[in-house]
Amino acid sequence: MAFQRPKGTEDFYPEDMNVRNKVFDSLRNTATKYGYDEVSTPAFETIDLLSKKEGEEIKGQIFTLEKRSKEEFGLRFDLTVPITRMFIEKQKSLSKPVKWFSLDRMWRYEQPQKGRLREFYQLSVELFGAEGIYADAEIISLAIDCLIDLGLSSKDFFLKLNDRKLLQGLLLDVVPKTKIEDALRIIDKRDKISDSEFNDALKSAGIDKVDEINALLSMDLNDIESNSGEVKEALDNINKLMDLLGDKKKFVKFDLSTARGLAYYTGIVFEVVDTNGKYRAILGGGRYDNMVEMFDGQKTAATGFGLGFATLSLLLQDKGLLKSDDSSVDFYVAPLSSNEMKESIKIASQLRKKYSVSIDITGRNLGNQFKYANKINAKKVIVVGSDEIKTGKLTVKDMKSGKEEKISLKDI
C-alpha cells in the first residue's frame with residue numbers, strides 16, 4: 001500500500017509553492033506598508049500556555065508531544081497566544097504601540113473539512129498598547145487591504161462589524177446575566193446552523209426568549225435605541241469607526257450577530273466573508289484588552305486579526321486569482337560530452353553570480369538536453385562544445401524566439 005499524506009494536511013509541489021509564495025509575499029508586503037514588523041515563535045509551547053486562553057475544551061484539539069520529565073508541550077494552534085507571550089517577556093522595554101505580524105504554520109486536531117485543515121497557515125496581525133477607535137480602524141483597514149492587494153474587490157467579500165459591548169448590553173434586556181456567554185457562543189454559530197438548530201441551542205442552554213433574540217439580531221444600526229451608557233458608547237464607537245474607514249466603508253456591513261464566540265474579545269469584533277456565502281470566514285478578529293493581563297502581563301490594550309490561507313486560497317481560486325507563474329531558469333548549460341563538463345561547471349558558477357542557472361548532470365545527448373530545457377522553461381540554452389571552449393564564444397539559443405548567437409561569457 002502506497003504511503004499517503006496525513007489526513008487534513010496539504011502537499012505543496014513546485015507550482016503550488018509558487019502560488020503560495022506569491023500570496024504570502026503580498027500579505028507580508030501589505031502588513032509592512034502599515035509599519036508592522038514580522039516575528040516568529042516556536043512551533044510548540046507549553047500545554048499550560050496553549051490551554052489558558054480557551055480552557056480545558058481546547059486540550060482535545062492540541063497535538064501534544066510526548067511528555068518528558070515534567071515538561072508538557074503541544075503544537076501551537078494559533079499565533080496570538082505565543083505572540084502575546086513574546087510581548088509580555090519584553091513588555092517593559094518595548095516602545096508602544098507594538099505592531100507585529102507573523103505568517104506561519106499551525107496545527108489543530110479536529111475533523112478536516114473544506115477550508116479547515118489539521119495543519120494550516122495563518123497570517124496573524126497583533127497591535128499592543130493602543131486604546132481607542134483609531135487602532136481598530138487601522139487593523140480593519142489593514143485586513144481589507146490584505147485582500148484588495150491580492151486582487152479581490154467589494155464584489156468578492158465584505159466585512160461584518162460589531163461591538164461585543166453593544167451586543168452584550170442589548171442581550172441583557174432578554175437574557176439573564178449568567179447566560180450571556182452561552183448566548184454569545186451560540187450566536188457566533190448562527191450562520192453555520194439552521195434557524196431551528198439555532199433556536200433549539202438557545203433553549204437547551206436555558207435561554208427562553210428566542211423570538212426576542214432573533215428580532216434583536218436582525219436590527220440595523222439606525223434601529224438601535226437604549227438607555228444603557230455602555231450601549232450608547234459602543235454605538236458611538238461603531239459610527240466613528242465607519243467614518244474613519246473612509247472609502248473602505250463600502251466593504252463594511254454592521255451585523256449585530258457577529259459575536260466572535262471566544263470570551264476574551266472585549267470590544268470591536270469583525271469577520272470577513274465572501275459575498276456568495278460559499279466559504280467559512282476568511283479572516284476574523286477584534287479587540288482583546290484583557291489577554292495580556294490574563295497571561296500575567298501588565299494590563300495592555302490589544303487588537304488584531306487572523307487570516308487563514310486555506311479558505312483564502314479557495315476564494316482566490318474561485319475568482320481566477322490563484323495562478324502560478326511559470327517557474328523558469330535564466331540559463332541551461334548544455335555540455336556536448338563529459339569532456340566539456342569541467343568547463344561547463346565553471347561557466348554555470350560564473351553566471352550564478354547574476355542569474356539562475358541549471359546544468360545537465362545526467363550525460364544526456366544534446367537533443368534530449370534541449371527537450372529538458374524546454375520542459376523546465378529555461379529562457380536560454382548555452383551549448384558548450386570543444387569549439388566553444390577553444391574560441392571562447394559560446395552558442396546561446398533563445399528558447400522563445402529560436403534565435404542563436406555566438407557570444408563570450410563576459411558579454412552575457
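Here is a short tour of the structure in questions and answers.

Visitor: What kind of model is this, and how are residues numbered?
Guide: This is a predicted model, where local features need pLDDT of at least 70, side-chain atom pairs count only at pLDDT 80 or more, and totals for chains, interfaces and linings use all residues. Side-chain values use heavy atoms, leaving out hydrogens and water, and residues are numbered from 1 along each chain as its sequence is written.

Visitor: Which strands are the edge strands of the eight-stranded open sheet?
Guide: Strands (E, at least two residues) and helices (H or I, at least four) are DSSP runs, numbered from the N terminus. Two strands pair if DSSP finds at least two bridges between them. The sheet has the order E1-E4-E5-E10-E9-E8-E6-E7, with mixed pairing. Pairing on one side only marks the edge strands, E1 (37-38) and E7 (252-254).

Visitor: Which residue in E5 stands opposite Trp100?
Guide: Strand E4 covers residues 98-107, and strand E5 covers residues 119-128. They pair in the antiparallel sense over 10 bridges. Opposite Trp100 stands Glu126.

Visitor: At about what angle does helix H1 run to E4?
Guide: Axes are lines fitted to C-alpha atoms, for helices over the stretch in contact, and angles run from 0 to 180 degrees between N-to-C directions. Helix H1 (residues 14-33) lies across E1, E4, E5 and E10 (302-308). Its angle to E4 is about 160°.

Visitor: Is Asn162 buried or exposed?
Guide: Asn162 lies in strand E6. Buried means under 20% relative accessible area, exposed over 50%, and partly exposed in between (1.4 Å probe, protein chains only). Asn162 has a relative accessible area of 0%, so it is buried.

Visitor: How far is the backbone oxygen of Thr258 from a polar atom of the Asn162 side chain?
Guide: A polar contact is a pair of N or O atoms within 3.5 Å; within protein, one must be able to donate a hydrogen and the other to accept it, and residues adjacent in sequence count only if both atoms are side-chain atoms. The backbone oxygen of Leu256 lies 2.9 Å from a polar atom of the Asn162 side chain. For the backbone oxygen of Thr258, the distance is 2.9 Å.

Visitor: Are H5 and H6 roughly parallel or oblique?
Guide: Angles under 35 degrees count as roughly parallel, over 145 as roughly antiparallel, 65 to 115 as roughly perpendicular and the rest as oblique. The axes of H5 and H6 (residues 180-188) come within 11 Å and cross at roughly 120°. That angle makes H5 and H6 oblique.

Visitor: Which residues of H6 make the contact with H5?
Guide: Contact means heavy atoms within 4.5 Å. H5 brings Arg164, Leu167, Gln168 and Leu171. H6 brings Ile180, Glu181, Ala183, Leu184 and Ile187.

Visitor: What is the average twist in the five-stranded sheet?
Guide: This open sheet has the order E12-E11-E13-E14-E15, with mixed pairing. Its edge strands are E12 (357-359) and E15 (404-408). From one strand to the next, the twist averages 30°.

Visitor: Which residue in E12 stands opposite Val333?
Guide: Strand E11 (residues 331-335) and E12 run parallel, joined by three bridges. Opposite Val333 stands Ile359.

Visitor: Which elements do the buried residues of H11 pack against?
Guide: Seven of the 10 residues of H11 (residues 309-318) are buried, so the helix is largely enclosed by the rest of the structure. Phe309 and Leu316 are among them. The buried residues pack against H1, E5, H4 (133-148), E8 and E10.
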